[in-house]
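Biologist: Can you put the model up? I'd like to go through a few local features.

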Amino acid sequence: MAFLQQFALLLALLIVLSSSCAGVGLNYSSKSSVTTNTTTSTNDSTDGHAASTITTLPIVIWKWHHVETPYLVALWILTCWLCKLVAQLNHSFTSVIPESGLLIMMGFILGGIVWGADKAQTFKLIPVNFFYYLLPQIVLDASYCMPNKLFFSNLGAILVHAVIGTCWNAGTVGVAMWGCYEGDAMGNLNIGLLQFLLYGALLSAVDPVAVIAVFEEVHVNEVLYILVFGESLLNDGVTVVLYNVFDAFVSLGGPKINAEEIIKGIVSFFVVSFGGSFLGVVFAILISMLTRITYKVQIIEAGFIIVLGYLSYLTAEMLSLSAILSITFCGVCCQKYITANMDEKSVLTLRYVLKVMANGSETMIFVFLGVSAIDVDIWVWNTGFILLTILFIVVFRIMGVFFLNWLLNQTRLIPIDLTDQLVMGYGGLRGAVAYGLAASLDEKKIPEKNLMLGTTLIVVYFTVILQGITMKPLVQWLKVKKATHSDLTLNGKMNNRVFEHILTAMEDICGRMGDNWWTRHWKYFEDKYICWLLMKKDAREQQDPIFGAFHKLNLEDAKQYVTEGESKGALAFIRNYDNASIDFKKKLALEYADIMGDMSEYDFDIDNVPVTSVMKNPIPSVSLDIHELDRRSMHDDLSAHHVLDHHLYKSRRDNHAAYSRSNYKTSENPDETQEIFQRTMRSRLDSFKSAKMGVHPSKKLSKRPKKDSTYKPNGKPADPHRTHPFGDEDFEFTADSTSSSEFAGHFPMRNTNAPDAGVDNPAFIPEMDMPPPMLNPPWQTETANNTAVAPSQRAQGRLPWTPTNLRRLAPLRLSARSTDTFAMADASVDDEAPEEKPGTNHTRL
Amino acid sequence: MGSTNSTLLKIPNVEVLMQETGFSPAHIIRLHDRFKALDKEGRGHLCPQDFGAIKELAMNPIGDRIIGAFFSPGKETVDFDTFVKILAHFRPVDKDRPKELNSPEPINSRSNKLRFAFQLYDQDKDGKISRDELLQVLRAMLGMQVTEEQLESVADRTIQEADLDRDDAISFEEFRKSLEKINIDNLMSIRFLR
C-alpha cells in the first residue's frame with residue numbers, strides 16, 4: 001500500500017537524532033530486540049565503508065549510511081513490537097499491570113541500554129514524529145471503529161465532558177498551581193500565570209489507551225465505555241486547541257493581553273474546533289463518494305480511506321484547524337457509508353490494516369515514553385511542583401466529572417450512577433498527547449520547560465502505571481455495571497424496531513419532539529438524501545437491519561452445520577433420526593438457504609459490520625471490545641478456513657496460480673469452502689426433498705409436490721459475475737443436451753437411496769458424501785470415477801463465500817407459489833452438469 | 001400555584017391517578033392540556049379519529065396498532081384516565097422511589113411495558129402471537145424492501161427462535177424470555193415523562 005510505504009519512510013525521522021552514534025544504536029536495538037539484556041557493544045565493523053576511490057572492483061561493499069535511517073526505523077519498530085510480544089507472553093502479568101504500563105517499563109530498560117552505550121539519550125520521541133506519524137492512525141482507527149449509534153446517542157454528554165471538562169481541568173489546574181506557586185510551595189521558579197495555564201492545558205489531555213484496555217477486559221457497561229472512550233478521543237483535539245490558544249497568549253506576553261485578545265482567544269477556540277470537525281465531515285463525504293467508484297480498483301480500495309483520512313489530518317493542520325478533531329469526525333462519519341460501499345473484503349482489510357497501524361504506533365509510543373525518561377538533560381526535580389501537579393490533576397478531574405455528570409443527570413433518561421462517575425473520574429489517565437505537547441514547548445518562551453516536561457512524564461507514569469494497575473481492582477470492587485451480552489436474535493432486532501415505533505408514536509401523541517422524533521427525522525433525511533449521495537445504488541437498496549440479522553443468523557447456522565457435520569465425519573449427525581428432528585433450527589437454515597442467496601445485498605446491514613466479522617459476534621449492534629472482537633472474528637474466519645481446507649480438496653490447491661498482481665478476487669483462494677458447502681448442502685437438500693413425506697411431515701415441506709425424480713448432487717456453482725438478486729437470469733444455461741443425458745447415466749441416481757429414505761435417514765445419502773466402497777472421500781483419492789463430485793474450473797475463479805451463490809444450494813422454497821424457481825434450480829443442475837465434465841479431468845490430481 | 005391547582009382540581013380522581021401512574025402534577029397537567037388539544041370537539045374523550053389527526057402518527061408503520069392499544073375491546077372512546085395510564089407505561093423506572101410493600105405492580109414495570117408491546121402483535125387477544133400476526137407487523141415495518149417470501153421466512157425464523165413449546169406461536173411468556181437480555185427499561189421509556 002502506497003501509504004504504508006510512505007509511512008515507513010516518513011517514520012524515519014522518528015528516531016534518528018545524530019548519525020554519529022547510529023551504529024551503536026543499531027547494535028543496541030538489535031540486541032535488545034531479542035530482549036536480552038546484554039550490554040556488550042561489539043560493533044567494530046559498522047563504519048567500515050569507504051566510498052571514495054576504489055582500486056579494484058569490490059564484490060560487496062558495506063553501505064550502512066545508505067540505509068541508515070530506514071534501517072533504524074524498521075529496527076525500532078521491530079523492537080517495540082517485540083516488546084509488546086514479550087509483554088503479552090504471560091497473561092497473569094498483564095492481568096495485573098496494564099500492557100501500556102509494561103511497555104513503558106520496557107522502554108526504561110531499552111532507554112537504559114541506549115544510555116549505557118551512548119552516554120546520552122539519542123533516541124526519543126520528537127513531537128513532530130508523534131503528531132504527524134504516530135498519532136493520526138491511532139485516532140483514525142479509534143474513530144473508524146467507534147460504535148456509531150452509541151456515540152451519537154451520547155454525543156451530548158461526550159461533548160460536555162470533552163469540551164467543558166477539558167477547559168475546566170486546564171483552567172483549574174493552571175490557576176491552582178499558580179496559586180500554590182504564589183503561596184511559595186515550590187520554591188523560586190520563572191513561571192507566570194499564563195505559563196501555568198499553558199501547563200494546565202497540556203496536562204488536560206486524557207489518554208484512552210490504558211483505560212480502554214481495562215474496560216475491555218472487564219466489559220464495563222456500554223454507556224460508561226462510550227463516555228470515556230468518546231471523551232478521551234475528542235478531548236485530545238480540544239486539548240491541542242486549548243494549548244495553542246494559551247501558547248499564543250504566552251508568546252503575546254502578559255501585558256498585551258486585554259479583553260479583546262481574550263475574546264479572540266475564545267473565538268479562535270471555537271473556530272479551530274468546529275472548523276476542524278467540519279473539515280473532517282467534508283473529508284468523510286469525499287471518502288464516501290469516492291468509495292462509490294473504487295470497486296474498479298478493489299485491491300487498493302482500503303488504501304484510499306487511509307490516505308484520505310491522513311490528508312484530512314494534514315489539511316486541518318495546514319489550515320491551523322484542529323487536526324485530531326478533523327480526522328476523528330472523518331472516521332466517525334464516513335464509517336457507515338464506506339462499509340456499505342466497499343467490498344466486504346476491503347472492509348475487513350481496512351479494519352485490520354488500521355488495527356495493525358494503530359496498535360503498532362501505540363506500542364511504539366508507550367515504549368518511547370519509557371525510553372525518553374532515561375535522559376539526564378530533561379530532569380529538573382521539584383518535589384513540590386510534582387506532587388502538587390499530581391494532586392491537582394486527580395482532584396480536579398474527579399470534581400469536574402462529578403459536577404458535569406450531576407448537570408447531565410438532570411436531563412438524562414438513564415442517569416449516570418455514582419460508581420460510573422467515580423470510574424470516569426479515576427480513569428483520567430494522561431498519555432502521550434500530554435507528553436507530546438510538553439515536548440513541543442518552546443524553551444525561549446517557557447524557561448522552565450524541562451521542569452514541565454519532566455513533571456509531565458512523571459504524571460504520565462503515575463497515571464498510566466499506578467492508576468492503570470489500580471483501575472481493574474477498583475472497577476471490580478465498585479461492582480461497576482457490566483455490559484450485558486445479548487446474542488443476536490431476530491426477536492431482539494424486530495422488537496427493537498417495534499419499540500422505536502412505539503416510542504415515536506407516544507411522543508407524537510404527547511405532542512413533544514423528543515429524542516425519537518429527532519432520530520426518526522434524521523433517519524428519514526439520511527435515507528432520502530445522504531444515502532443517495534454517498535452510497536452505491538446496490539448498497540443503498542437493501543440495508544434493513546432486521547433482514548441483516550436474519551441473513552447473518554442463517555449464515556452462521558449454515559456454517560456451523562457444515563463444520564459440525566464434518567467434524568463428526570461426513571455429516572453423521574443427520575444420520576441420527578432423533579437428532580435430525582430436534583435440530584430443526586438447522587434444517588430451517590437449509591430451507592432458507594435459497595433466500596439467503598438473495599440476500600447478498602444485505603451483507604452490510606445497518607450496523608455496518610461486514611458479515612464475516614460478526615458471524616460469531618455475541619454483541620450485535622455494538623462491540624465494546626474492539627480488539628477482542630477482531631481477534632475473535634479473525635480466529636473464527638481462520639478456523640473455518642482451516643477446517644475446510646484441512647478436510648477437503650487439499651490437492652487441488654496446487655493446481656492453479658496462487659498469485660496475481662492486481663486482482664486477488666480471481667486468484668486468492670480457490671473456492672473450496674464455497675463449493676464444499678454447496679455440495680453438502682445440495683445433497684442434503686435433495687435427500688430432504690425426496691424423503692420429506694416419510695420422515696418430516698412438516699407442513700411446509702409436505703405442501704410441495706414432488707417435483708423431480710432425478711436429482712444431481714453436484715450443481716455447478718453460479719457464475720460469479722451474475723449478481724441479480726431475485727431475477728431468474730441466473731438460470732440461463734449453455735448446456736448441450738446430448739452430453740447432459742450421457743452424463744446423467746454416470747450419476748448416482750436418487751432412487752438408489754430411496755429405500756433407505758423412509759427407514760434410516762433420508763437426509764443422508766451415502767453416495768453423495770462418502771461413497772461406501774471408498775474409504776477416502778472422492779476428492780482425495782485419485783479415481784476414475786468421474787461421477788464423483790468434482791469442481792468445475794470456473795468454480796475456482798470465484799470469491800469464496802459469496803452469499804449470492806448460496807441460493808443455488810437450496811432449491812427449497814417455502815411458499816407454494818415458488819415452485820417455479822424450485823424447478824428452475826433443479827433444471828439448472830441438470831443442464832449445467834455436463835459442463836463440469838471437462839473440468840473434472842483437469843482439476844483433479 | 002393557583003392555576004396549577006385549579007387545573008388539577010378539574011380532573012376527577014386526580015390523586016388516585018397520580019398514585020397509580022406515578023406522574024407528578026406537572027406531568028398530569030401537561031398531559032391534560034394535550035388531551036384537550038387532541039379532543040377538538042371537547043367531548044371529554046378521544047376517538048380513533050382524534051388520534052388519526054396527528055400527522056406524524058399517520059406515517060408510523062404500526063401507528064394504527066398503537067392507536068388501537070388505547071382502546072379497550074369494544075370501546076370506541078378513551079377517557080383521560082385511560083389515556084394517562086397508557087402513557088404511564090413509558091415513564092422511566094425510578095430506582096430512587098422506595099418500594100412499598102404490598103403495593104401493586106407499577107404500570108411502568110418491565111413486564112407491563114412488555115405486555116403493551118405484546119398486545120400490539122396479538123390483535124386477536126388470544127394470548128399468542130401467531131405467524132400471521134407476526135407477519136402483519138413485519139410487513140408493515142419492512143414494507144417494500146423485501147419480498148413476501150422473504151418476509152415469511154423471517155417470520156418463521158423469528159417464531160422458531162422464541163417458540164419454546166413448538167406450537168408455532170409466541171406466548172407472552174415466550175415473548176418475555178426472548179427479550180430477556182434486552183434492556184426494556186431503557187428502550188421503552190420516554191425522557192420527558194420522567
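**Chain B, then the rings**

Modeller: This is a predicted model. In chain B, residues 150–185 are 61% helix and 8% strand, with the end C-alpha atoms of the span 31 Å apart.

Biologist: What does UniProt list for that stretch of chain B?

Modeller: The unreviewed entry gives "domain: EF-hand" for residues 150–185 and also for residues 109–144 of chain B.

Biologist: Which residue lies over the face of B:Phe172?

Modeller: B:Arg115, at 4.0 Å from the ring centre.

Biologist: Switching to aromatics. How many aromatic pairs over all chains?

Modeller: The count is 27. One of them joins A:Tyr225 and A:Phe229, with ring centres 5.6 Å apart and planes at 50°.

Biologist: Why is that pair called tilted?

Modeller: Because planes under 30 degrees apart count as stacked and over 60 as edge-to-face, the rest being tilted; the planes of A:Tyr225 and A:Phe229 are at 50°.

Biologist: Where do the two sit in helix 12?

Modeller: Helix 12 of chain A covers residues 222–252, and A:Tyr225 and A:Phe229 are 4 residues apart in it, so about one helical turn separates them.

Biologist: Buried or exposed?

Modeller: A:Tyr225 and A:Phe229 are both buried. Another pair, A:Phe269 with A:Phe270, is edge-to-face, at 5.2 Å between centres and 90° between planes.

Biologist: And what is the relative accessibility there?

Modeller: A:Phe269 has a relative accessible area of 8%, so it is buried. A:Phe270 is at 40% and therefore counts as partly exposed.

Biologist: Which residues form the aromatic cluster in chain A?

Modeller: A:Tyr181, A:Phe196, A:Tyr199 and A:Phe385 make up one cluster.

Notes:
Residues numbered from 1 in each chain as written. Chains lettered and ligands numbered in written order. Predicted model: local features only at pLDDT ≥ 70, side-chain atom pairs only at ≥ 80, totals over all residues. Heavy atoms only, no water. Phe/Tyr/Trp six-rings, centres within 6.5 Å; stacked < 30°, edge-to-face > 60°. Buried < 20%, exposed > 50% of the residue type's maximum accessible area, 1.4 Å probe, protein only. Lys NZ or Arg CZ within 6 Å of the ring centre and 35° of its normal. UniProt positions renumbered as here; feature names shortened; annotations may be inferred.
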